[in-house]
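Subject: Structure handover

Hello,

Here is the structure I promised to pass on. Please open it first, then read my notes below.

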Amino acid sequence: MDYPEIDKYASIDSPIHNFDPRAKIITFMVMIFSFVFLDTITKALVGLGIASLIYIIAKLPKAFVIHRLKVVFLFLFPLLIIMPLSVDGQAIAQYHSITITLEGFQYSFLVIIRALSAVTLALIMLGTTRFDITIKALYMLKVPGTLIQMLMFTYRYIFVIIDEFQRMWKAMESKGFKLKANRYGLSVLGNMIGMLIIKSYDRAQRVYHSMISKGYTGNPRTIVNFELRTKDYAIALSMILIALLMHTYHLVL
Amino acid sequence: MKEAIRVKELTYSYPDGTPALEDIDITINEGEKIVIVGPNGAGKTTLFLHLNGTLKSQDNTVMIFGKNLGDMKVEERIKEVGIVFQDPDDQLFMPTIFDDVAFGPINMGLDEEEVKNRVKKALSRVGLEGFEDRVPHNLSYGQKKRAALAAVLSMEPRILILDEPTANLDPKSRADLIQVINDLNKDGITTVIAMHDVNALPLLSDRVYVLNRKIVGEGNPREIFSNSELLKMTHLEAPDVFKMFKVLTCFGYDCDTLPMSIDEAVEFLTRTIESGSGHIHLHLHEHTHEEVRKFLHSYNHH
């Protein structure tokens, strides 16, 4: 079965892959925050350039990021239409009472570029680490237990639910069902999603029983062996410096 | 001999009031191999959930090695009784196999070295060495089933409870699992198993309880399978070998005890042939077909 695995390429060997997961999360978060606060298109483009460079260093396949960025772009695209119409500024075209402004275009470009570089960085961060390791790194970084458990169960059971959905779908298709965008199709789809929710409720009950029977008391505990080496400090330090320089270079230069 | 499990007058109803278990009395000695059979919805899983305190029962209804289960601490309880449930996807709830197998030992408060040792030991016991970093959704059903067993073995429980361990397995995986369970029992672990797989049952049981909300029968496999009324009432059937030899007796084959497994059948046949004149004698007489028909009818559900 083909799962949409985010950590499909986590076993590649690259400096980013070998970067300590805890340091990776902190460094990338700093960089993401730095890049989304950049205030001009030029700076934002430099940010996107740096993100792409890290992407090349990480040796991830092209399709991995492009495919996902397409989805992100779909959400961002409306900005290109809405902002030129709604932001005040120098008009570049006018039709009756509707004006299109240059500032609007600039703003929407800025937002889109910043978002793309942030998403690229986030994808590199998640794509270069096995997801269970990412969760453990968050655990080591003292992220609240409830959040860790939610992530853990989501990661574990998303595939089980996908399987369950596909089994139901095949069963329906084998009885001649074809999804059409009409009332009947939607009601069948609704029933199916309802069934999935009931099934996962039952499963949650069984999983809980099996957790209790292994002595679960509410705190996730696990054993992790991470070790920060000199090279981790070096990578983290240089990336954080870049992130800071993007905002403070005019003070230094 | 020490009593491992004693259940006395256990009654339980589901939250909506439907009775699930009535007046259950069970005594299981240390080291015994017990199988619990019964139709779908007979309450086997519910009974199991009481045996390690996942479902709470009234005082002194469930005693584990002479101690009231309700008074035991969590760490103590999971050290005594381990349950392997039916669906492995319900039990492998951690991101990797290592985390799953380590889950129980960590909760028992063991130190890191010991936890790692136990994970290693448990995985090699079920033949999954080197699977530590694998994620459950990439495993086959049989592997998941064995991983789920390892996740319980790592707690090194003295009593091992298995719900339908052989269901949905291919014959090889099924045989492997039966072997593992029997090895564990030989090491002194008390095993309690719920199953519908009557052909595997004789291999996994010294004694059988028949459960249908109440305990409706108890005895060794041979006694249970000879009671056709009981089997019919509880939607069960006898192993094929057992029935085959019963049919052979209608043809004049002379044996007082019927074999429960292929191995036993070979042994019995050899013995009969050797004690006779080097062959066995089968024949037809006027009532043979009538007898066979009657026998098969008594074991048939239709």
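Chain B has an accessible surface of about 13,800 Å², and 49% of that belongs to carbon and sulfur atoms. Accessible areas come from the Shrake-Rupley method with a 1.4 Å probe; for residues, only the protein chains shown count as cover.

Some ground rules. This is a predicted model: local features need pLDDT of at least 70, side-chain atom pairs count only at pLDDT 80 or more, and totals for chains, interfaces and linings use all residues. Residues are numbered from 1 along each chain as its sequence is written, chains are lettered from A and ligands numbered from 1 in the order in which they are written, and side-chain values use heavy atoms, with hydrogens and water left out.

Chain B overall:

- The C-alpha atoms fill a box of roughly 70 × 45 × 35 Å along the principal axes.
- Of the 302 residues, 54% are buried (under 20% relative accessible area, 1.4 Å probe, protein chains only).
- Take contacts (heavy atoms within 4.5 Å) with a separation of 6 or more: 64% are between residues 24 or more positions apart.
- There are 13 helices and 10 strands (DSSP runs, numbered from the N terminus; helices are H or I with at least four residues, strands E with at least two).

Now the sheet in chain B. It is open and has six strands, in the order E6-E7-E8-E3-E9-E10, with mixed pairing. Two strands pair if DSSP finds at least two bridges between them. The edge strands are E6 (81–84) and E10 (214–219) of chain B, each pairing on one side only. From one strand to the next, the twist averages 20°.

E6(B) runs parallel to E7(B) (residues 159–163), joined by four bridges. There, B:Gly82 stands opposite B:Leu160. Helix H6 of chain B (residues 141–153) packs on the sheet and touches E6 and E7 of chain B. Its direction makes about 170° with that of E6(B). Axes are lines fitted to C-alpha atoms, for helices over the stretch in contact, and angles run from 0 to 180 degrees between N-to-C directions.

Helix H7 of chain B (residues 171–186) lies across E3 (33–37), E7 and E8 (190–194) of chain B. H7(B) runs at about 145° to E8(B).

Chain A has a hairpin. Strands E1(A) (residues 91–95) and E2(A) (residues 98–101) run antiparallel, joined by four bridges. A:Ala91 stands opposite A:Thr101. Two residues lie between the strands, and A:His96 in the turn has a positive phi of about 50°.

Best wishes

Technical notes. Buried < 20%, exposed > 50% of the residue type's maximum accessible area, 1.4 Å probe, protein only.
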